[in-house]
Amino acid sequence: MSHTDTEVADVNLGFPAIRRELPTRHPESSETMEAIQQIIDKPVPAATLTKLSVVIPVYNEEATVQMLVSLVVNAPLPKGVRTEIICVNDCSKDGTAKKLDELKTLFPEADFKIIHKPANEGKGAALRDGFKHATGDLVLVQDADLEYDPADYPKLLTPILQNRADVVFGSRFMGGEPHRVLYFWHTLGNRVLTTLSNMFTNLNLTDMEVCYKVFRKSVLDRIQVKCNRFGFEPEITAKVAKLRPRIRIFEVGISYYGRSYEEGKKITWKDGVKAILAIIRFRFSD
């Protein structure tokens, strides 16, 4: 079954209607209370969206990239929403390029754009190149290493499909979803970076460094990504927070199947130091 035939039962399940009993202490204001109740009960019109662009930066992921793309191709999406998959090979040194070139044969029903960069520049640069080729109403960032599960797409898309959000962050720390137990210091470092970012952006995110971020294309078009490497995460967060008029940012819990260094994890403490510098830099400049 292709992803275009897969339906999400009801995108409204994530945000059930809220019914409040209004106060009756002041009978003379009953008409005002009734007007307020009508506003509360009025449904939020659903957003009209037809295409999701999934941008996948890839570097030395020969062992996982085809499996990951298979999960993306078959990810559950609301009826009428189709996917374009943009894979950006950041000059991988292993057999990743060959694996990417095989995708169109393996998944002929899918819409692919495969980009091979001539030089390695980093995740931020790969995403910047991928965003330029995105034509969807929404753009979603997906890593190629199987740490993040495309089965979470419905949760990530729901706030935007319900027309309640313009940007959605996933969160590995909100609880309620499977989470592989790995490195204490990595978790602590992520929380420190998120707290520092929140102090500079005045947001209350729980996981700024998370891979899963979904943007309305109209929002992303207003942002110029400058960081070439892992500074992308604090940079995009800072720039989203500074947009005016202020945009609506949501956060949803996601599952996380982290890798160990033996399994190919790439980020190190040096990237954490660079993230701190990026947090400070993009608070005061663009």
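**A walk through the fold, by way of strand S1**

The protein chain holds 10 helices and seven strands. The model is predicted. Start with the whole chain. It has 286 residues, and 48% of them count as buried. The protein chain exposes about 14600 Å².

Next, look at the contacts. Take those between residues at least 6 apart in sequence. Of these, 81% join residues at least 24 apart.

Now find strand S1, residues 51–58. How many of its eight residues are buried? Eight of the eight are, so S1 is largely enclosed by the rest of the structure. Buried here means under 20% relative accessible area.

Follow the side chains along the strand. In a regular strand, they alternate between the two faces of the sheet. In S1, Lys 51, Ser 53, Val 55 and Pro 57 point one way. Leu 52, Val 54, Ile 56 and Val 58 point the other way. Both sets are buried.

Which strands pair with S1? One is S2, residues 82–89. S1 and S2 run parallel, and eight bridges join them. Within this pairing, Lys 51 has Arg 82 of S2 as its bridge partner. Another is S4, residues 138–141. S4 also runs parallel to S1, with four bridges between them. Here Leu 52 stands opposite Leu 138 of S4.

Finally, trace the path from S1 to S2. Helix H2, residues 65–73, belongs to this part of the chain. Together, S1, H2 and S2 make a β-α-β unit, and the unit is right-handed.

Notes: Residues numbered from 1 in each chain as written. Predicted model: local features only at pLDDT ≥ 70, side-chain atom pairs only at ≥ 80, totals over all residues. Heavy atoms only, no water. Helix = DSSP H or I, 4+ residues; strand = E, 2+ residues; numbered from the N terminus. Buried < 20%, exposed > 50% of the residue type's maximum accessible area, 1.4 Å probe, protein only. Contact = heavy atoms within 4.5 Å. Areas by Shrake-Rupley, 256 points an atom, 1.4 Å probe, with all protein chains shown as cover. Pairing = 2+ DSSP bridges. Right-handed = clockwise from strand over helix to strand, strands pointing away.
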